[in-house]
Amino acid sequence: VTRRVRRGVGWTLILGDAITWLRAEPAARFDGLVTDPPYSSGGFTRGDRTLDPQKKYRQSGSLEYAATFDGDNRDQRSFTVWASIWLAEAHRVVRPGAPACVFSDWRQLPATTDAFQVGGFVWRGVAPWCKANASRPQKGRFRSDAEFVVCSRGAMALDRAAPVLRGSWNVAPVHSSRRVHLTEKPVDVMREIVRIVPRRGTVLDPFAGSGSTGVACLLEGRAFVGVEHNPDHFRTAAERLRRTETEIAARRRP
Ligand SMILES: C[S@@+](CC[C@H](N)C(=O)[O-])C[C@H]1O[C@@H](n2cnc3c(N)ncnc32)[C@H](O)[C@@H]1O
């Protein structure tokens, strides 16, 4: 059930469950999907995965913010089914051929690419976000130094006004002492990604978290619609979007 909506110039944020909200939306409304859903990842065993995200993803020295988030404890099969359901709804509400970019980590990449295609998107590649050696080192092992964006670019006209975009990003994560969300994505990475959606197009993020996709959209001249079911993150995202809107307006003033 949708309980609250915040709006500003070029953005709308909804407090509610993604699937419930998506099901009530008309078809072909959005120009692109850019989202970072809960990964239901972390650890090696089913027991590891069911830990609170605060325990799974929090690093020492991070801010003492209270908000964890839920929806991150599914086992492999239920994660795949759940992701297939929301991706099918997301596929219905974006325009035919619109780009879709969905984050995953290495562990959930196979499940995510399966669900992506079950949902109806044509899988066209994986773009890595490399964390510039910022992840925790593990002696004798490769660093887990990347997350991945599963991409679809449907039948978009190649002669449309669009720049050549990078296919990987080498950007350090937001430092844990400044993070306002446990799994916050750097705005610089999100700015590169949302540019796949045409200027002035509307980007959908059904798992908005602290609103990084939305901030990137405003900075890149795209409109944004986000859904977040955690009231703390909803409030944080609304504040960030409002602040970004004000900063952009101030810059435009002579
Ligand atoms: C990985 S985080 C997104 C973080 C975001 N990219 C950022 O930079 O802040 C996923 C978010 O999805 C939210 N979420 C989980 N299940 C949801 C659902 N069913 N409907 C809406 N939001 C959900 C969680 O509360 C969490 O904030």
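Author: Leaving out residues up to four places away in sequence, Trp169 touches Ala127, Pro128, Trp129, Cys130, Val149, Val189, Glu192 and Ile193, where contact means heavy atoms within 4.5 Å. This is a predicted model, in which local features need pLDDT of at least 70 and side-chain atom pairs count only at pLDDT 80 or more, while totals for chains, interfaces and linings use all residues. Residues are numbered from 1 along each chain as its sequence is written, and side-chain values use heavy atoms, with hydrogens and water left out.

Trp169 belongs to strand β7, residues 169-170; strands (E, at least two residues) and helices (H or I, at least four) are DSSP runs, numbered from the N terminus. Trp169 counts as buried because its relative accessibility is 7%, the term buried meaning under 20% relative accessible area, with exposed over 50% and partly exposed in between, for a 1.4 Å probe and protein chains only. Trp169 and Lys131 are separated by 38 residues in sequence, and their C-alpha atoms are 8.2 Å apart in space.

One of the residues that Trp169 touches is Trp129, which has its place in strand β5 and is buried at 2% relative accessibility. Not counting residues up to four places away in sequence, Trp129 is in contact with Phe103, Asp145, Ala146, Glu147, Trp169, Val171, Pro173, Lys185, Pro186 and Val189. The side chain of Trp129 also reaches the backbone oxygen of Val171 at 2.8 Å, a polar contact being a pair of N or O atoms within 3.5 Å; within protein, one must be able to donate a hydrogen and the other to accept it, and residues adjacent in sequence count only if both atoms are side-chain atoms. From Trp129 to Ala172 the C-alpha distance is 9.2 Å, across 43 residues of sequence.

Leaving aside neighbours within four places in sequence, Val149 is in contact with Cys101, Val102, Phe103, Gly125, Val126, Ala127, Trp169 and Ile193. Val149 is also, together with Leu13, Phe103 and Ile193, among the residues with the most contacts inside the largest nonpolar core, which has 31 residues; such a core is a set of buried Ala, Val, Leu, Ile, Met, Phe, Trp, Tyr and Cys residues joined through side-chain atoms within 4.5 Å. Two or more residues of this core come from each of β2 (11-15), β4 (100-104), β5 (125-130), β6 (146-152), α6 (187-194), α7 (212-219) and α8 (231-252). Apart from this core lies another, of 29 residues, including Ala18, Leu33, Ala115 and Phe121.

Cys101, one of the contacts of Val149, bears on the question of disulfides, defined as pairs of cysteine sulfur atoms within 2.5 Å. The structure holds zero disulfides, and the sulfur of Cys151 is 4.6 Å from its closest cysteine sulfur, in Cys101, which is too far for a bond.

A polar side-chain atom of Ser210 lies 2.6 Å from an oxygen atom of the ligand, and an N or O atom in the side chain of Asp36 is 2.8 Å from a ligand nitrogen atom.
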